Amino acid sequence: MNPDTEKNWKSSVFVIYLLSFLFNLHVTLPVYINSTYLAHFTTEKFVGILYVISSALTIVAFSTISKILRKFGNYKVAFFLFGIEFFALIGLTLTNNDVLISLLFILSFIVTAIIGFNLDVFLERFSTDSSTGKIRGTLLSTANIAWIISPLIASFILTNGDYWKIFLAAALLLLPIFFLLHNSLKNFKDSEYKVTPIRNTLREIALNKNIFSIFTVSFLLQFFYSWMVIYTPIYLYTYVGFSWREIGVMFSIMLLPFVLTEAPLGRLADKRWGEKEVMSIGFIVIALATAMISFIQTKDMVLWTAILFMTRIGAAMVEIMSETYFFKKVDSSNANVIGMFRTMRPWAYVISPLVATALFAFALPLKYIFIVLAVIMFLGLHWSLELEDTK
């Protein structure tokens with residue numbers, strides 16, 4: 001790589017890191033208040049159904065993504081989707097209509113999922129197998145800084161139930177994204193995206209033991225995230241009695257492991273450690289810490305923060321190793337497989353609320369669903385240990 005090419009490569013990667021930070025800050029500002037906000041005009045059970053509908057439609061959207069990228073290119077698709085997201089959030093700041101709020105929430109959910117995929121495609125174009133762990137670790141750490149500071153920002157913005165302020169702030173964060181995207185990536189050179197029928201893509205995944213196992217690991221991790229994002233804020237705010245200011249501080253501390261551990265773990269995955277061992281330890285930590293949530297009987301902010309912090313230590317271990325492992329196995333031309341990999345999040349948001357709703361139907365108290373989640377996390381051990389370590 002000549003000096004000019006290397007300089008342009010580093011510049012592009014830096015811009016993608018910055019885009020990822022701003023995008024994730026935009027996404028995470030409302031993410032932990034969405035379920036409580038939606039519960040204001042519906043029931044907790046129906047909130048789960050809204051997530052199911054949103055996720056199902058996201059999966060449908062991902063089924064066409066390779067064709068769309070091949071026709072229009074990743075830059076144009078990303079720019080268009082950011083525009084839709086901006087107007088969806090502006091709509092949420094202006095309306096009090098229950099139906100319109102639901103529709104705009106669904107639209108925003110779908111669009112943000114696909115934008116995350118667009119950023120994957122941008123970054124994968126500049127990645128090599130030897131640096132995947134480092135690049136993915138840095139990307140995740142950059143994104144997770146946004147996850148850490150956003151609950152604090154949201155807790156200061158959200159006063160007297162003024163949820164519209166959160167959506168407006170999230171919309172304004174898109175403005176510098178438009179500028180960066182247009183100035184730095186408008187000449188992005190797309191790979192020759194494979195347009196593969198879904199049936200063939202599923203067969204390709206199913207026949208590759210390692211790819212199938214890492215898909216399952218990713219699904220279980222996203223299942224954990226979706227369950228915690230939907231039900232933890234409701235439980236802490238409505239049942240335990242914490243204020244949004246307290247929850248904001250707790251969540252910011254809770255998310256620190258993603259910034260502190262993912263970048264160094266990614267580098268170690270490139271040079272020394274096997275991914276599957278770290279994933280397996282991560283699943284054990286997630287399961288044990290999550291189970292403890294059901295047994296905390298007191299409104300102790302320090303204790304709750306410590307338990308939530310432990311759950312994210314395990315999640316960070318699983319996340320960076322699963323991302324590193326997967327992107328060592330694919331490149332940017334495999335848009336069909338990458339797109340399917342990113343449907344693990346919407347699939348989790350389809351299945352986890354349905355599982356929780358079924359548990360509620362049997363009159364299981366909200367606090368005990370975390371024991372069920374812990375048991376499900378232990379299943380991850382089987383799939384992580386099935387993987388063959390990368391060379």
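**Cavities, core and a pocket**

Helix H6, which spans residues 98-124, gives the most to the lining of the largest cavity, with nine residues; helices here are DSSP runs (H or I, at least four residues) numbered from the N terminus. The model is predicted, and local features need pLDDT of at least 70, side-chain atom pairs count only at pLDDT 80 or more, and totals for chains, interfaces and linings use all residues. Residues are numbered from 1 along each chain as its sequence is written, and side-chain values use heavy atoms, with hydrogens and water left out.

A cavity is a set of points, on a 1 Å grid over the protein atoms alone, where a 1.4 Å probe fits but cannot get out, while a pocket is an open set with protein on both sides within 12 Å along at least five of seven lines; lining residues have an atom within 4 Å of a point. The volume of the largest cavity is about 1000 Å³, the space filled by probe spheres set on the points, which are joined across faces, edges and corners. Of its 47 lining residues, Asn 24, Val 27, Trp 147, Gln 222 and Arg 345 are the closest to its centre. By class, this lining has 28 nonpolar, 11 polar and eight charged residues, where Ala, Val, Leu, Ile, Met, Phe, Trp, Tyr, Cys and Pro count as nonpolar, Asp, Glu, Lys and Arg as charged, and the others, Gly among them, as polar.

The second largest cavity has a volume of about 100 Å³, and of the 13 residues that line this cavity, Tyr 32, Ile 33, Pro 151, Ala 154 and Trp 244 are the closest to its centre. Its lining has nine nonpolar, four polar and no charged residues.

We turn next to the packing of side chains. A nonpolar core is a set of buried Ala, Val, Leu, Ile, Met, Phe, Trp, Tyr and Cys residues joined through side-chain atoms within 4.5 Å, and buried means under 20% relative accessible area (1.4 Å probe, protein chains only). In the largest such core, which has 137 residues, Phe 215, Phe 326 and Met 377 touch the most other members, and helix H11 (residues 209-240) gives the most to this core, with 19 residues.

The largest pocket has a volume of about 430 Å³, and of the 25 residues in its lining, Ile 198, Thr 201, Leu 202, Asn 336 and Met 340 are the closest to its centre. Helix H10 gives the most to this lining, with five residues.

Notes:
Helices (H or I, at least four residues) and strands (E, at least two) are DSSP runs, numbered from the N terminus. Buried means under 20% relative accessible area, exposed over 50%, partly exposed in between (1.4 Å probe, protein chains only).
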